[in-house]
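Hello,

Here is the structure we talked about handing over.

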Amino acid sequence: MRAMIYDRFRGPIEVREVPDPVAPPGGAIVRVGASGLCRSDWHAWAGHDDSVHLPHVPGHEFAGTVASVGEGVTGWRVGDRVTTPFVNGCGVCEWCRSGQAQVCPDQTQPGFTHWGSHAELVAVRAADLNLVAVPDALDDDAAASLGCRFATAYRAVRSRAAVRDGEWVAVYGAGGVGLSAVMIAAAIGARVIAVDRTPAALALAASLGAEHVVAAGDSAPAAIAELTGGGAHVSIDAVGAASTSTHAVLSLRRRGRHVQVGLLSADQLPTLPLDRVIAWELDILGSHGMSAADYPGMLDLVATGALRPQDLLAGAVTLETGATMLPQADTASPTGITVVHPG
């Protein structure tokens, strides 16, 4: 198969022929129709994830059709249209059995623990647990956005923060995750403030439901406090940087909830204002994707048109173009979600 591949961290990314994956017992091989180009792929390429082994094929959010299934798979057939969360649970531990596969201690992640979806084919373990049927009304490009950024934002907003109608939600970062969080929070009646460093990203956030937009920087928490009369009920760091996570916590009102979604490398850890966390009884929550068990509620809202992941798409590119874009994912201005077409 053709795939994007790199042989050293921060090294050149090439498109070349590599061996096809083989379906493991209980697993499946998916022929990739579209694969999202995500900042998390940049973290893997930069060497920030010790589960990545070289040479490596990146890509972890995708949609396509089942190409083959391994021994023991009962719920899927060749030709089924599917997507999957970026965290694939083992299917047998207490967390998977309780519907919390996103924290499975024996999880696998395409594009991290094994070769990913910036390729013509990708392997998925425990297919009966991890594969999700794609509705006919949703094309591969839009479905690919669900696996990481949209599903991650959905769980962060709905489950972890438990955002309620009328609450103020400050979203730091208007990339794929942040824009998804803006859309989802606005759809359930929250009053959203988007924070980003680029005017184009803020304009896009406003078009997706942000009531206010604020330029990123040291003054952002004070601006949010003024707009909301004391601070946001919920803050979400969708960037993953020392400054954005700290500013997001400082944007909260008393008894507010912060959700950390953006990944932080070891040299970017923030100094959190724990004195305020204690005095104001703030909640600090992590959110790590979403299990396949939680997809039906999200897909129901997509089917009714209440959520439109397709509106987040910035366009589709070839594997060759994706290979040039991935090393720039940490510094490129957000314009929505770009997908790669391997075929």
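Below is what I found, grouped by topic. Please keep in mind that this is a predicted model.

Cysteines

For C90, the closest cysteine sulfur belongs to C104. The two sulfurs are 3.6 Å apart. A disulfide needs sulfur atoms within 2.5 Å, so this distance is too far for a bond. C90 is buried too, with a relative accessible area of 16%.

Aromatic rings

A search of the whole structure gave zero aromatic pairs. There is a charge over a ring, though: R276 lies over the face of W280. The distance to the ring centre is 4.3 Å.

Helix α8 and what follows

Which residues of α8 are buried? They are A220, P221, I224 and T228. Seen down the axis of α8, these buried residues fall within an arc of 100°, so they line one face of the helix. A222 and E226 sit on the other side of α8 and are exposed. The cover over the buried residues of α8 includes the strands β8 (168-172), β9, β10 (212-215), β11 and β12 (252-260). Helix α9 (242-250) is also part of that cover.

G229 comes after α8 and has a positive phi, near 70°. G230 is in the loop between α8 (220-228) and β11 (232-237). At 38% relative accessibility, G230 counts as partly exposed. Leaving out neighbours within four places in sequence, G230 is in contact with A225, L252 and R253. G230 and T198 are 32 residues apart along the chain, and their C-alpha atoms are separated by 25 Å.

Strand β9

I193 belongs to strand β9 (residues 191-196). Is I193 buried or exposed? I193 is buried, with a relative accessible area of 0%. Residues up to four places away in sequence aside, I193 touches W168, V169, A170 and V171, among others. Its contacts also include H212 and V214. I193 and E211 are 18 residues apart in sequence, yet 6.0 Å apart in space, C-alpha to C-alpha.

Strand β6 covers residues 121-124. L121 and A123 point one way from the strand, and V122 and V124 point the other way. All of them are buried. Side chains in a regular strand alternate between the two faces of the sheet. Strand β3 (residues 28-37) runs antiparallel to β6, and four bridges join the two. Opposite V124 in β6 stands A28.

Helix α11

In α11 (residues 295-304), the buried residues include Y295, M298, L299 and V302. They cover an arc of only 95° around the axis, which puts them on the same side of α11. What do the buried residues of α11 pack against? Their partners are β5 (81-83), β7 (132-133) and α5 (146-160). Just after α11, G305 takes a positive phi of about 90°.

Those are my notes. Send back any questions once you have looked through the model.

Best wishes

Technical notes: Residues numbered from 1 in each chain as written. Predicted model: local features only at pLDDT ≥ 70, side-chain atom pairs only at ≥ 80, totals over all residues. Heavy atoms only, no water. Buried < 20%, exposed > 50% of the residue type's maximum accessible area, 1.4 Å probe, protein only. Phe/Tyr/Trp six-rings, centres within 6.5 Å; stacked < 30°, edge-to-face > 60°. Lys NZ or Arg CZ within 6 Å of the ring centre and 35° of its normal. Contact = heavy atoms within 4.5 Å. Pairing = 2+ DSSP bridges. Arc of directions from axis to C-beta.
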